[in-house]
Amino acid sequence: MTIAVDAGPVRVGLERTWWQRHGATTVVWATRVVLLAVLLVLWEIAADRWIDSTFISRPSDIVGRLAEWSADGTLWTNTWITVQEIVYGFLLGAAAGALAGFVLASMNLVYRVLDPFMMALYSIPKVALAPLFIVWFGIGMHMKVLLAAVTVFFLVFLNTAAGVREVDRGLIDAVRLMGGTRRDIARKVVLPASMTGVLTGLKVSIPYALIGAVIGELVASNRGLGYLINDAAAQFDTAGVFATLVVLSVIAGVLNVFVGLIGRRVNRWKPADD
Amino acid sequence: MSPVLAADAVTKRFAKGDSAIVALRELSLDIAEGSFVTVVGRSGCGKSTLLNMLAGLTPPSAGEIRYRDHRLSGPDTQIGYLTQHDTLMPWRDVLRNVEMPLEIRGVASAERRSVATELVQRVGLGGFEKHYPRELSGGMRRRAGLARMLAGSPETLLMDEPFGALDAQLRTELQLELLRLWQGSGQTVVFVTHDIEEALLLGDRVVVLGRVGRILLDREIALARPRSADELRVDPEFVALHGELSTALKRESPAGEERS
């Protein structure tokens, strides 16, 4: 009592050499390294020869400053503070955003009532909240964590809510036909269907957690990488400013790797693009 | 014998602004237990609306649907419904999709796995258990949908142009398979299609719907089973029935006699 499976795509094995498999990637990476090296050398040459190094510093000074800060621990304590703010802010904002998005979007009337308010709050530049947060929470770590969290919250909230509201009606009906309760629908359809939205929200909000934390530090603080930038700039120490920016780009790079991992997870049940 | 599924003067209106669109008007239809009823009609005659109401997904605006003499007020697990579009969960592989009705019913995981595996084999998807719906062709998704519906072991099956989007060969193949699965199962089937040939090939009884669900023709089909599409095409009885149905469908066509 079985039928032949219709003609579909056929999977075949491919014999490829190492170069065929990784060649393009290797070329891209090699070019990146060369480009970076060329830029650094040009910078080093340009400093004081063409442009005053008070403004642009020079790579060797920056490396020196990094080594110096690394040795006396300035670099590590301040980086650690900022990383903590990012992580706590992200976790807090993401958890609250996902929960609020899921709950509110499931209640149609409530969602419709609150939607314009949420959009209005979302549209406020989060930097503008910093002075208020200082009044409320002081200039300690709490204020930065909350500033990062607020930024993350709205991004995750909006994406989750969109995910919940775009769930295919047909899938919900399918579960109703199987005798599913509202709980079954929420757990077996709405939750997995909105996961794409949640993860998109997490993905786009990771860099914003960094922005929120650093802006908080720039506005008012006595610790953290944002403080380090302010402090160095106040003393015309451009090498110090650049050194901090290097650290921030490294943190951003690491965070982007996480983003990439999440992206891969999002698309697990979707067909491979390549 | 009282019918297993009955529509009693059902009307369905869809409100749109200040007016309402009437999809069905006072349609009455009795479905006898164990019969295979095909419903034919042009697009927009309310076939899908009728099935949605028979499945308990949408309530009629007036009149009532009765299932085994009870008023149907919501979906019933005794009634399986294969919709026109795929409603497989894209994040579940084939096996877990087929398991779903059992999962909701609270069947233990080992048992539902074995039932689902057997059903997947039966619809010809053996070897594709771990594939996600998007990795399957349209025909394979239909089979998976069919397997999922059967997993709930419903006694009444509603099907809304289930093979509409498939190529001709595949369609014939699945039609035959459906007949094979149905014969001797005692299940009642309501099968909606716009294809007269399909309606005649499958049904014990053909109902032709006109605009707003007016029944233009309701007729028993006595063609001998098992039926084969190739032989039927040259059968004089089939040709006569085909003519009768298409005349019935055409009679209604140009019109504008009944606008609501």
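Mentor: Strand S3 (residues 36-41) of chain B runs parallel to S8(B), and five bridges join the two. This is a predicted model, in which local features need pLDDT of at least 70 and side-chain atom pairs count only at pLDDT 80 or more, while totals for chains, interfaces and linings use all residues. Residues are numbered from 1 along each chain as its sequence is written, and chains are lettered from A and ligands numbered from 1 in the order in which they are written.

Trainee: How many bridges join strand S7 (residues 156-160) of chain B to S8(B)?

Mentor: In general, two strands pair if DSSP finds at least two bridges between them. Strands are DSSP runs of E with at least two residues, helices are runs of H or I with at least four, and both are numbered from the N terminus. In this case S7(B) and S8(B) are parallel and joined by five bridges. B:Thr156 is the residue opposite B:Thr188 in S8(B).

Trainee: How many of the residues of strand S8 (residues 188-193) of chain B are buried?

Mentor: A residue is buried if 20 or more other C-beta atoms lie within 10 Å of its own, exposed if 12 or fewer, and partly exposed in between, with C-beta atoms placed from the backbone. Six of the six residues of S8(B) are buried, so the strand is mostly covered. B:Thr188, B:Val190 and B:Val192 point one way from S8(B), while B:Val189, B:Phe191 and B:Thr193 point the other way; all are buried.

Trainee: What is the order of the strands in the open sheet of four strands in chain B?

Mentor: The order is S2-S1-S4-S5, and the pairing is antiparallel. Strand S2 (19-31) and strand S5 (70-71) of chain B are at the edges; each has a single partner strand, so one side of each is left without a neighbour in the sheet. Strand S4 (residues 62-67) of chain B pairs with S5(B) over two bridges in the antiparallel sense. There, B:Tyr67 stands opposite B:His70.

Trainee: How many helices and strands does chain A have?

Mentor: Chain A has 11 helices and zero strands. Its C-alpha trace spans about 80 × 60 × 30 Å along its principal axes. The radius of gyration, taken over C-alpha atoms, can be set against a globule rule of 2.2 Å times the number of residues to the power 0.38. For chain A the radius is 25 Å, whereas a compact globule of 274 residues would have one near 19 Å. Of the 274 residues of chain A, 34% count as buried.

Trainee: Which residues of chain A does UniProt list for "transmembrane region"?

Mentor: UniProt positions are given in the numbering used here, feature names are shortened, and annotations may be inferred rather than shown by experiment. The unreviewed UniProt entry lists 26-46, 86-105, 117-139, 145-168 and 239-262 under that name. Residues 86-105 of chain A are 100% helix and 0% strand, with end C-alpha atoms 27 Å apart. Residues 239-262 of chain A are also 100% helix and 0% strand, and their end C-alpha atoms are 35 Å apart. The unreviewed entry also annotates residues 75-263 of chain A as "domain: ABC transmembrane type-1", a span that is 87% helix and 0% strand.

Trainee: How many residues of chain A are in contact with chain B?

Mentor: Two residues are in contact if their C-beta atoms, placed from the backbone, lie within 7 Å. Here 22 residues of chain A are in contact with 30 residues of chain B. Helix H8 (169-177) and helix H9 (182-219) of chain A each supply at least two residues of the chain A side. H8(A) gives the most to that side, with seven residues.

Trainee: Which residues have the most contacts inside the largest nonpolar core?

Mentor: A nonpolar core is a set of buried Ala, Val, Leu, Ile, Met, Phe, Trp, Tyr and Cys residues joined through C-beta atoms within 7 Å. The largest has 126 residues, and A:Val152, B:Leu54 and B:Ala147 have the most contacts inside it. Helix H7 (residues 141-165) of chain A gives the largest share of this core, 17 residues. Leaving aside neighbours within four places in sequence, A:Val152 is in contact with residues including A:Gly89, A:Phe90 and A:Tyr208.

Trainee: Where does A:Asp48 lie?

Mentor: Most residues other than glycine have a negative phi. A:Asp48 is not a glycine, yet has a positive phi of about 70 degrees. A:Asp48 lies in the loop between helix H1 (18-46) and helix H2 (53-56) of chain A, and counts as exposed because it has 12 C-beta neighbours inside 10 Å.
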